[in-house]
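Subject: Structure for you to look at

Hello,

Here is the structure I promised to pass on. Please open it and keep it in view while you read.

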Amino acid sequence: QWKQIEPVSKTQLNFVVPSGNFGNLTAAVYAKRMGVPIRKFIAATNANDVFAKYLQSGTFIPASSIHTLSNAMDVGNPSNLSRLQLLYQNDLVQIRKDIDAESFSDEDTLHQVGLTYQKHGYTLDPHTAVGVAAASAAGGHPVGHLLEVAAARPHGREGGDEAHLGRALHAHGALGDHVLLCLEGDEVQARGRRLGPGDVAE
């Protein structure tokens, strides 16, 4: 995506970052401070929406983790939030200036997986699906290019998550009669074409 953007447009970059413990987002803020031309971030979270509530209310209230399909993001008390606050000297106005937040349920996640598969023939992992949902919800705001960070491989983490996702997709009907997950190691099948890490389905 970066290579496809004209140099003059790279001053209007916005990044959607699927977030749980907020390490990736904190690192991205460091990158912005070091000179990467990033205009704004959108923190995309699942039902563990403590950060979105923090931005709305101005008060951070930790919570017990809620188990979701995007389980690497199941964090109710992100340890990197204090680092993020330190970067902004606890100035919530400045945090809000740089970062928006959107949260999505498992139902939203499955819906996005289905939409992406129907359009591109590619099965998103649930973590990235949360980010894609946030990018879709953002529409034309903020102004400029909107890039979504892919946060995991389609078969997710160890522990049978792909089977869990497959059952959930089947129950949800998100992929219709299509094959739910066609995985070979680190590769996936998209409309008959083998994709490796970093490839994008056309």
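This is a predicted model: local features need pLDDT of at least 70, side-chain atom pairs count only at pLDDT 80 or more; totals for chains, interfaces and linings use all residues.

The whole protein
The protein holds seven helices and seven strands. Read from the N terminus, the order is β-α-β-α-α-α-β-α-α-β-α-β-β-β. Of its 202 residues, 45% are buried. The accessible surface is about 10,800 Å². Carbon and sulfur atoms account for 51% of that surface. Now take the contacts with a separation of 6 or more: 70% of them link residues 24 or more positions apart.

The sheet
Four strands form an open sheet. Their order is E3-E2-E1-E4, and the pairing is parallel. Which strands stand at the edges? They are E3 (99-103) and E4 (145-148). Each has a single partner strand, so one side of each has no neighbour in the sheet. On average, neighbouring strands are turned by 25° against each other, direction ignored.

Look next at E1 (residues 13-18) and E2 (residues 38-45). These two run parallel, and six bridges join them. In one of the pairings, leucine 13 has isoleucine 38 in E2 as its bridge partner.

The helices on the sheet
Helix H1 (residues 23-33) packs on the sheet and touches E1, E2 and E3. The direction of H1 makes about 175° with that of E2. Helix H6 (residues 126-138) lies across E1, E2, E3 and E4. H6 runs at about 125° to E2.

Best wishes

Definitions and conventions. Residues are numbered from 1 along each chain as its sequence is written. Side-chain values use heavy atoms; hydrogens and water are left out. Two strands pair if DSSP finds at least two bridges between them. Axes are lines fitted to C-alpha atoms, for helices over the stretch in contact, and angles run from 0 to 180 degrees between N-to-C directions. Contact means heavy atoms within 4.5 Å. Buried means under 20% relative accessible area, exposed over 50%, partly exposed in between (1.4 Å probe, protein chains only). Accessible areas come from the Shrake-Rupley method with a 1.4 Å probe; for residues, only the protein chains shown count as cover.
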